[in-house]
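Trainee: I have a structure to read and would like to learn how to describe its features with care. Could you take me through it step by step?

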Amino acid sequence: MIRLHVDWTRCDGHGACTELLPELLARDDWGFPLSRSDQVDPVVPADLITLARRAQQACPLLALRLTGSR
Amino acid sequence: MSVTEILAPGTGHRLLAGEQLGALPRLSGEDLVDMVERAGLTGRGGAGFPTARKIRAVGRRPVVVGNAMEGEHLSHKDALLLRVAPGLVLDGLELLGSALRARRLVLAAGHRIDTGPVCAAVALRRSAVEVHELRGGFLAGQESALVNRINGRAAVPSDRLRPVWQSGVDGRPTLVVNAETLAQLALISRYGADWFRSVGTASDPGTFMVSVSGSSHQVVPRPGVLEIARGTMLADVLARSGTPLHGARAVLVGGYHGAWLPISAVHTPMSREGLAPYGAAPGAGVVHVLDRRRCPLQVSAAVATYLAGESAGQCGPCVNGLPRMADTLTRLSASRPAPRLLAEVARLRGLVEGRGACSHPDGTARFVASTMAVFADHVEAHLLGDCGLEGLPS
C-alpha cells in the first residue's frame, strides 16, 4: 500500500499537490493540504500513483513523500 | 494488592524513599528488556509508551538521553526527583548505557531544574553521564525537538518519518527516556519485576509521581508532588492535598494535553484503564483542580491560548489552527457568544487533529474537546447570557 505523506516541517501551503491530486487532497482554511480520507496519510490508489509521483516532484519544498510499497 | 495507596516518603523501596542502594546490577541487553517487559513499565513522561518496546526498537550502540526538560508547566516531579534522588536517574542511564553499549549518555535538564545535586552525583561517582542544561518551553521535552537541540540545531520537532530511534543525536539511534522512568528502571533492576508489580493494577502496574496544584489556594491548600500507586483514587489524592470537594468544579488530569474530570468523577482510579472513559490518561502526572468560583471556559481558553503560543512555529496546521481555535474558545467564553462558535470550535478541532509534525495539535485538540464536553452545561449558560463567574484572578 502506497501512502502520501506530508512533511509538515517543510510544507508551506504552496498547493501544487492539491491541484494534481484533488481526489486525495483538499485545502484547509490556510491553503495547506488536507487529506479527504479519515487517514492523515491517505492511501494512493493504483490509478493515481503516477500523478502522486508528479506531485512529489512538483513540490518546491520537497515536502511530499510516498511511503510503503505496492 | 491495595489500589488506594499514596506512598509517604520513606516507606518501601520507592522513588521518594531516599534509600542508600547497593551497587547497580550489570545486565545484558536481553536480560534488561525481559525484566522491563515483565515489569510492564510504561513511560512516565507523558506518552506512556511501553518502555521495553522502546528499548527493543532502538538501533545498535545508541545514544541514551534522559529527559528532564519538564516542559509541562504544571509538572514539578522531575525537578523534585533530581533534587532528592538524582542517583536513581543516573543509575537508570548507566543501566541502559551498559546493557545497550551506548555511545553517549546525556541528561537533558530544563531551566526549572536545579542541576546542582545531579552534577555533584556525577562527579562523586565519576559517571559518564553528560548533564546538559537547556532552555525551552512547553515543547522542550518533545523527543525529536530535544534531539535536534542536543545536535546544536533549533529545538523544533522533526518529521515523523525520521524517528529518533533510527537517527537522532550525532545521527545515531537514540533512546529518549523520561527522568522518572529512568528512576523506576533503577529500582526495578534492584528489586525485580515482581516487586514493581506488587502495587498498582494488573494492566497498569507500579507507582508514578503526581504534581497536585489548584487554580486557588482554597481549592488546593497543600499543593505538591506525591508518589502514588497506579489505580489510586483521585479522591484520595485530593484528600491528601486538602481539597474541599464542594469548592471544586473539575480536575485537569495528565497535563495541558490531558483531559478534565468533573468533580462528580472523583472516585475514578488513576490508571490508564480507569481514566480512559474520560478521554484522560496518567500522562505527565499533572492533577490540577479548578475552583468552582472560576469560569471553566475562560480558564480553558487561557490554556488553549498558551498552547497556541507554544507552537514550534514550523507546521501550517499548528501555526494557523491553534491560535484560531484558542481565539474561538475565547470568544465563546465571553458573554452571549454567537451560537455558530460552537460548531466552529469542533470544525477547527477536526482541522488540527493528526496534522503537523508532532502531537502538539492533537493534544491541544484533545484538551479543547474535553473542555467542550465536560463543561457543556456551562457553554449553554454562556449562550444564554453569561455564567456570572470570572475566569482569571484579577
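Mentor: Let us begin with the surface, keeping in mind that this is a predicted model. Chain B exposes about 15300 Å², and carbon and sulfur atoms supply 53% of that area.

Trainee: What share of the residues in chain B is buried?

Mentor: A residue counts as buried when its relative accessible area is under 20%. In chain B, 56% of the 394 residues are buried.

Trainee: How many helices and strands are there in chain B?

Mentor: Chain B holds 15 helices and ten strands. The radius of gyration of chain B is 21 Å, close to the 21 Å that the globule rule gives for 394 residues, so chain B is as compact as a globular protein of that length. Along the principal axes, the C-alpha atoms of chain B fill a box of roughly 65 × 45 × 35 Å.

Trainee: How many positive and negative side chains does chain B have, and how far apart are the centres of the two sets?

Mentor: There are 41 positive and 33 negative side chains in chain B, and the centres of these two sets lie 4 Å apart.

Notes:
Residues numbered from 1 in each chain as written. Chains lettered and ligands numbered in written order. Predicted model: local features only at pLDDT ≥ 70, side-chain atom pairs only at ≥ 80, totals over all residues. Heavy atoms only, no water. Helix = DSSP H or I, 4+ residues; strand = E, 2+ residues; numbered from the N terminus. Rg over C-alpha atoms; globule rule 2.2 N^0.38 Å. Buried < 20%, exposed > 50% of the residue type's maximum accessible area, 1.4 Å probe, protein only. Areas by Shrake-Rupley, 256 points an atom, 1.4 Å probe, with all protein chains shown as cover. Lys, Arg positive; Asp, Glu negative; His and termini not counted. Charge placed at Lys NZ, Arg CZ, Asp CG, Glu CD.
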